[in-house]
Amino acid sequence: MLATLSGRCGEMTWEGKKVFVTGAFGFLGSWLTTELVKQKAEVTALMLDKLADSNLFRTGAASKVNIVKADLVNYEDILRVFNEFEIT
């Protein structure tokens with residue numbers, strides 16, 4: 001079934017779903033993450049470096065996201081994040 005982020009094309013909702021986002025502090029990722037927060041998803045965002053001017057901070061969505069400092073290329077970091085936040 002096709003589902004968009006807004007759920008208009010299908011019956012899928014993001015409420016309560018655990019979502020792992022890489023690039024959440026970049027231009028596109030910050031808007032995606034903000035929308036997921038609005039839809040009440042449980043978002044965990046990977047952060048390598050803090051970007052203070054990210055849209056994620058400007059919208060206030062960062063306070064509603066599990067922010068994890070880790071490196072995407074480090075397998076142990078990613079395994080720890082998935083286990084700690086029970087992302088499947």
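F20 is partly exposed, with a relative accessible area of 22%; partly exposed covers the range between buried, under 20% relative accessible area, and exposed, over 50%, computed with a 1.4 Å probe on protein chains only. This is a predicted model, in which local features need pLDDT of at least 70 and side-chain atom pairs count only at pLDDT 80 or more, while totals for chains, interfaces and linings use all residues. Residues are numbered from 1 along each chain as its sequence is written, and side-chain values use heavy atoms, with hydrogens and water left out.

A pair of aromatic rings is described by the distance of the centres and the angle of the planes. Rings of Phe, Tyr and Trp (its six-membered ring) pair if their centres lie within 6.5 Å; planes under 30 degrees apart count as stacked, over 60 as edge-to-face and the rest as tilted. By this rule the model holds two aromatic pairs. One of them joins F20 and F82 in an edge-to-face arrangement, with 4.9 Å from centre to centre and 65 degrees between the planes. The two residues are 62 residues apart, F20 in strand β1 and F82 in helix α3, and the pair thus links distant parts of the chain.

Helices (H or I, at least four residues) and strands (E, at least two) are DSSP runs, numbered from the N terminus. In a regular strand the side chains alternate between the two faces of the sheet. In β1, V19 and V21 form a covered face, whereas K18 and F20 form an uncovered one.

Strands pair if DSSP finds at least two bridges between them; β1 and β2 do so in the parallel sense, over four bridges. Within this pairing, V19 stands opposite V43 in β2. The chain passes from β1 through α1 to β2 in a right-handed β-α-β crossover, a term that applies if, with the strands pointing away from the viewer, the path from the first strand over the helix to the second runs clockwise.

## Nonpolar cores

A nonpolar core is a set of buried Ala, Val, Leu, Ile, Met, Phe, Trp, Tyr and Cys residues joined through side-chain atoms within 4.5 Å. The largest has 15 residues, among which L36 and V43 touch the most other members. At least two residues of this core come from each of β1 (18–21), α1 and β2, and β2 supplies the largest share, three residues. A second, separate core has six residues, including V68, I78, V81 and I87.

T33 is located in helix α1 and counts as buried, at 0% relative accessibility. A polar atom of the T33 side chain lies 2.7 Å from the backbone oxygen of G29; a polar contact is a pair of N or O atoms within 3.5 Å, where within protein one must be able to donate a hydrogen and the other to accept it, and residues adjacent in sequence count only if both atoms are side-chain atoms. Leaving aside residues up to four places away in sequence, T33 touches V21, A24, V43, L56 and V65, contact meaning heavy atoms within 4.5 Å.

S54 belongs to the loop between β2 and α2 (55–58) and is buried, with a relative accessible area of 4%. A polar atom of its side chain is 3.0 Å from the backbone oxygen of F25. Residues up to four places away in sequence again not counted, S54 touches A24, F25 and S30. W14, in the segment before β1, also counts as buried, at 19% relative accessibility. The C-alpha atoms of W14 and E42 are separated by 8.4 Å, although the residues are 28 apart along the chain.

## Helix α3 and positive phi angles

Just after α3, E86 takes a positive phi of about 55 degrees, in a residue other than glycine. E86 is exposed, with a relative accessible area of 55%.

K40 likewise has a positive phi, of about 70 degrees, although it is not a glycine. K40 lies in the loop between α1 (27–38) and β2 (42–47) and is exposed, at a relative accessible area of 55%.
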